[in-house]
Amino acid sequence: MEYDTVRETDPEIADALEGEVTRQQEGLQMIASENHVSPAVMEAQSSALTNKYAEGYPGKRYYAGCEHADTVEELAIERAKELWGAEHVNVQPHSGSQANMGVYLAVLEPGDKILSLDLTHGGHLSHGHPANFAGQLFDVEQYEVDAETGYIDYEGLAEQAEAFEPDMIVSGYSAYPREVEWERIQAAADEVDAYHLADIAHITGLVAAGVHASPVGTADFVTGSTHKTIRAGRGGIIMCEEEHASDVDSAVFPGAQGGPLMHNVAGKAVGFKEALEPEFEEYARQVVENAETLGETLQDHGFSLVSGGTDTHLVLVDLRESHPDTTGGDAEDALEDAGIVLNANTVPGETRSAFNPSGIRAGTPAITTRGFGAEEMQAVGDAIARVVDSHDDETVRNEVREEVRALCQSHPLYEK
């Protein structure tokens with residue numbers, strides 16, 4: 001993949017763009033929130049729609065010349081409804097965080113109460129962290145996973161909700177490796193007359209493919225990202241019942257953002273069409289199987305996994321027992337040098353700083369897109385273990401880097 005036209009105008013940016021293609025081609029991208037979209041999605045996202053303002057919604061725009069923008073957005077909405085079985089869909093949020101903002105603004109007032117999972121236990125910034133808009137606008141209390149088991153304590157959550165009396169309970173997580181029992185959280189919300197927002201940003205594709213239980217039809221609102229496990233380009237989405245449609249749409253525009261990024265909406269539409277193909281279910285199942293294989297391989301090497309395994313696209317490794325003197329940052333840096341890109345992550349009962357925590361999080365969506373299966377995942381798990389075991393050993397990192405390149409060459413991404 002080359003950027004000849006960009007190079008004619010701006011060779012420095014062309015160098016960076018081509019360097020990024022090489023980085024993705026020659027390394028294993030295992031950040032759980034990342035994936036590789038198809039050339040069709042990338043082409044749609046770089047289309048002439050980047051030139052078009054389309055404030056409003058299909059058929060009700062504030063600008064002329066929106067007939068093709070309307071077609072694109074209507075197709076994205078129709079395909080999303082088919083994928084997730086939602087009554088109403090808004091595809092305009094620029095990100096999953098802005099999708100959450102749209103829901104908050106639709107039904108909450110500043111100062112209302114939100115009960116959500118603590119960031120260090122697998123929650124997300126936009127669920128109420130004090131540095132984020134959600135934590136600044138709302139009164140937030142947070143629940144935790146059981147530090148011993150790594151699982152959500154649903155009974156404890158219900159008791160906490162009864163004591164706190166929130167206006168909204170937020171479920172769905174960024175570093176929780178287990179399937180979520182949406183009905184139990186909905187029951188806790190019903191008991192205190194609270195809304196339930198299920199944020200499926202990480203598992204959007206797994207839910208669409210039916211390999212993870214769906215909160216659509218259970219939770220009052222469902223938000224998600226349109227990249228990560230769905231491969232539809234960067235952006236966000238909101239799903240709800242028809243009774244909330246007008247409030248949600250008004251909260252997104254004009255409440256939270258102006259003109260939608262129609263080129264991104266085009267990417268969403270193309271990615272949703274790809275996800276409706278039978279092959280996507282096979283892909284999603286392989287994502288989960290690959291995560292299970294990776295987790296089992298790491299456990300064979302003595303690594304401890306939060307909750308003891310995974311049901312999803314990620315594994316969360318707690319290094320404190322197996323590698324007490326190695327931080328997540330140490331592991332992340334060494335692995336990146338060896339061509340394996342993942343992230344340091346907090347773990348339940350974290351004893352270190354969030355800037356250099358005790359765990360690492362590894363995801364399988366991107367390498368599954370490359371075509372990796374069980375055999376490759378065992379090799380990846382072995383490689384991760386060798387690097388973390390000897391993170392100061394340059395020889396080991398160099399050896400693993402060559403093995404990673406060979407794996408990548410046998411499973412190429414984009415043709416140059």
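Start by selecting helix H2, which gives the largest pocket 5 residues of its lining, the largest share. Keep in mind as you look around that this is a predicted model.

To centre your view on the largest pocket, pick Gln24, Val37, Met42, Gln45 and Tyr414, which lie nearest its centre among 23 lining residues. The space they look onto has a volume of about 780 Å³. Colour the lining by class and you will find 8 nonpolar, 9 polar and 6 charged residues.

Now move on to the second largest pocket, with a volume of about 460 Å³. Select Leu119, Gly123, Leu125, Ser174 and Asn345 here; of the 20 residues that line this pocket, these lie nearest the centre. Then highlight strand E14 (residues 343-345), the source of the largest share of the lining, 3 residues. By class, this lining has 7 nonpolar, 11 polar and 2 charged residues.

For the last stop, show helix H14 (residues 328-337) together with helix H16 (residues 374-389). Their axes are 9 Å apart and the helices pack at an angle of about 120 degrees, so H14 and H16 are oblique to each other. Turn the view to see H14 pass H16 in a right-handed crossing. Which residues meet here? Show the side chains of Ala331, Ala334 and Leu335 in H14, and you will see them meet Ile384, Val387 and Val388 in H16. This contact has 6 nonpolar residues, with no polar and no charged ones.

Notes
Residues are numbered from 1 along each chain as its sequence is written. This is a predicted model: local features need pLDDT of at least 70, side-chain atom pairs count only at pLDDT 80 or more; totals for chains, interfaces and linings use all residues. Side-chain values use heavy atoms; hydrogens and water are left out. Axes are lines fitted to C-alpha atoms, for helices over the stretch in contact, and angles run from 0 to 180 degrees between N-to-C directions. Helices (H or I, at least four residues) and strands (E, at least two) are DSSP runs, numbered from the N terminus. Angles under 35 degrees count as roughly parallel, over 145 as roughly antiparallel, 65 to 115 as roughly perpendicular and the rest as oblique. A crossing is left-handed if the near helix is turned anticlockwise from the far one by less than a right angle, and right-handed if clockwise. Contact means heavy atoms within 4.5 Å. Ala, Val, Leu, Ile, Met, Phe, Trp, Tyr, Cys and Pro count as nonpolar, Asp, Glu, Lys and Arg as charged, and the others, Gly among them, as polar. On a 1 Å grid over the protein atoms alone, a cavity is a set of points where a 1.4 Å probe fits but cannot get out, and a pocket is an open set with protein on both sides within 12 Å along at least five of seven lines; lining residues have an atom within 4 Å of a point. Grid points are joined across faces, edges and corners, and a volume is the space filled by probe spheres set on the points.
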